[in-house]
Amino acid sequence: MAQSDVPVWRSVSLVAFLFLVTATFGFLQPFVPLYLESAGLDRKQIGWLLGLGTGASLLVQPLWGRLSDAWDTRRPFILGSAIAAGAAYLSFPFVRSVPAFLVLQAIGQNGVIYLSAVGGVLVGRMVSSKSGGAVYANYRLWGSIGYICVSLLTGLLLTRHGGPIDRALLDRAFRTVPLLFVPIGLLAFAVPDRKDGPRASGAPRKAPLPPNLRVFLACHFLYTLALYGASNFLSLFMKELGGTPLWVTSMFAGGVVCEVLVMRQSGRLSDRYGRRPLMVLTYLLLPVRLALYAACLSPLHVFLVQLLHGLNFGIVGVISVALINDLATDDTRGQAQARLATVSGAATTSGPILLGFVAEALGLRWMFLTAAGVALVGAVLLVRRFRETLPNPQRLPWRWAAFLQS
C-alpha cells in the first residue's frame, strides 16, 4: 500500500493521532516527577516508582504486538490504551499512597508506550522500506509540534497561577490535561489500519530475531537507559536550580523544537545514505550531552544543553522505527515494534531505579555523569557491532566518514 493510496482524511487522522499522543509526553515528562516529589517521595522512591511503573509494560507489550498481528487490527488496542492511560493520570489527584501511585503509573505508562509504538506500525504498513524514514519523519514531526504546544501552554498556565511548585498547583493540571486521551481514543476509528486479508492460520507466528537486530536492541537499551533515566530527573534539577514551571516546560520544549528541525532531514538522509551513519552520530553525542548537564549552574544552562536533544531524539526517534521496519515484514512488524517497545520499557524501568539510587546518594550531578558512562558503553557497542539495515544505500561523499557506513 503506497502512501498515495491512503485517503486524505485518514492521513489527516494519523497526523492528529501522532500530534496528540506526543502532546501527552509534553505534559507527563516534566510534571509526573514533580508531582511525585510534591506528594512526599524522595528521589530513590521516584526512581523506583517510575521504573516499576514502566516495567509493567514488559508483561503486556509483546502480547499486544502479537495479538494485533494475529487479528490484523490495531484499533481496539489504541482505544483501550487511550482509555486506560487517561483514567490513570486523571486519578492522580485522588490518591495519597505510594502503592496507589505505582498502580496508576503502571497503567498509564503502559497505555502511553503502546500508543507511541503503534504509530510506527501504522506508518510502516503504508510505505516501502526505501522511503520509510522520510515518510515516518513527515508524520512524526507533527507529534513533536504537539509536544511543544502542550508543554509550553501547561507551563505558562501554571506559572500564571504563581506560588511554589507544590501539589495544589500540579493538581490543577492533572485534573484537565489527561483529557487529551479522549480524542486519541476516538481517533482509533479513523487512523489508517491496512488489512492483509485472511491468514492461513489465526495463531500468531513468533518471528525470529536477526543478529543485527539483537545488536541494535542491546545498544538501544543502553542509550534509552542513559537518556530517559536521566531525563526523569531533569525537572527536579531545574526546580533545584530555581526554575519556575515555565522554565521547566520551556527547557523540554526547546529540545523538541530542535528535534522538529532535525527530524525531517534525518529521515530523508537515512533513506539515502542508510540508517547507520546518523545513528553513530547521535550515539557519540549522547555521553557528551549528559556530562554537560553536570556542569550546569542555572536553568538557562540546562535549557541550552537540552537543545542537543534535537540531535538525539530527532535522529533516534525516526531511524529506530525505520530500521525496525527494514528488518520486519508485514506479518511480523507489530511483533518487531513491540520488541523495540519492550526493550525501551526495560531501559526506562531500570534507568530511573539505577539513577535514582545515585541521585539520592550522591546528588543529581553525579547521576548525570553516571548516565554519561552508560551512554558511552552503548556508543562503543554500536560503532563496533551494528551493521546497515537499508538495502544499497548511497556512499557518503566524504572519504574520512567511511567508517560510519562500515
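Predicted model: local features only at pLDDT ≥ 70, side-chain atom pairs only at ≥ 80, totals over all residues.

Colleague: Let me begin with packing: at what angle do helix H9 and helix H14 pack, and how far apart are their axes?

Modeller: Helix H9 covers residues 211-231 and helix H14 covers residues 313-326; they pack at an angle of about 155°, with axes 12 Å apart. Angles over 145 degrees count as roughly antiparallel, so H9 is roughly antiparallel to H14. As for handedness, the crossing of H9 past H14 is left-handed.

Colleague: Which residues make that contact?

Modeller: From H9 come Leu-213, Phe-216, His-220, Tyr-223 and Tyr-228, while H14 supplies Phe-313, Val-316, Ser-320, Leu-323 and Ile-324. Sorted by class, the contact of H9 with H14 has eight nonpolar and two polar residues, and no charged ones.

Colleague: What about helix H11 and helix H13: what are their packing angle and axis separation?

Modeller: Helix H11 (residues 245-273) and helix H13 (residues 299-306) pack at about 20°, their axes being 8 Å apart. The cut-off for roughly parallel is an angle under 35 degrees, which means that H11 runs roughly parallel to H13. H11 passes H13 in a right-handed crossing.

Colleague: And which residues meet there?

Modeller: On the H11 side you will find Trp-247, Ser-250, Met-251, Phe-252, Gly-254 and Gly-255, and they meet Pro-299, Leu-300, Val-302, Phe-303 and Gln-306 of H13. The class tally for H11 with H13 is seven nonpolar, four polar and no charged residues.

Colleague: Trp-247 is in that list. What does Trp-247 touch, leaving out residues up to four places away in sequence?

Modeller: With those sequence neighbours set aside, Trp-247 touches Met-238, Pro-299, Leu-300 and Phe-303. Trp-247 has 33% relative accessibility and counts as partly exposed.

Colleague: Let's turn to salt bridges. How many are there?

Modeller: The general idea is that side chains of opposite charge can pair when their charged atoms come close. Here the count comes to three salt bridges.

Colleague: Which residue forms a salt bridge with Lys-239, and how far apart are the closest N and O atoms?

Modeller: The partner of Lys-239 is Glu-37, and the closest N and O atoms are 3.1 Å apart. Lys-239 sits in helix H10 (residues 234-240) and Glu-37 in helix H1 (residues 8-38), so this pair ties together parts that are 202 residues apart in sequence. Both ends are worth checking for accessibility: Lys-239 is partly exposed at 29%, and Glu-37 is partly exposed at 24%.

Colleague: What is the N to O distance in the salt bridge of Arg-43 with Glu-240?

Modeller: For Arg-43 and Glu-240 the closest N and O atoms are 2.6 Å apart. Arg-43 belongs to helix H2 (residues 43-55) and Glu-240 to helix H10, so the pair ties together parts that are 197 residues apart in sequence. Arg-43 has a relative accessible area of 18% and is buried, whereas Glu-240, at 45%, counts as partly exposed.

Colleague: Are Asp-271 and Arg-275 buried or exposed?

Modeller: Both Asp-271 and Arg-275 are buried. Their side chains meet in a salt bridge with an N to O distance of 2.8 Å.

Colleague: How would I read burial along a whole helix: how many residues of helix H7 are buried?

Modeller: The idea is to go through the helix residue by residue. In helix H7 (residues 167-174), six of the eight residues are buried, so the helix is mostly covered. The buried residues are Arg-167, Leu-169, Leu-170, Asp-171, Ala-173 and Phe-174.

Colleague: To finish, how many helices and strands does the protein have, stepping back to the overall view?

Modeller: The protein has 16 helices and zero strands. Of its 406 residues, 59% count as buried. Among contacts between residues at least 6 apart in sequence, 86% join residues at least 24 apart.

Key
Residues numbered from 1 in each chain as written. Heavy atoms only, no water. Axes fitted to C-alpha atoms, helices over the stretch in contact; angles between N-to-C directions. Helix = DSSP H or I, 4+ residues; strand = E, 2+ residues; numbered from the N terminus. Parallel < 35°, antiparallel > 145°, perpendicular 65-115°, else oblique. Left-handed = near helix turned anticlockwise from the far one by under 90°. Contact = heavy atoms within 4.5 Å. Nonpolar A, V, L, I, M, F, W, Y, C, P; charged D, E, K, R; others polar. Salt bridge = Lys/Arg side-chain N within 4 Å of Asp/Glu carboxyl O. Buried < 20%, exposed > 50% of the residue type's maximum accessible area, 1.4 Å probe, protein only.
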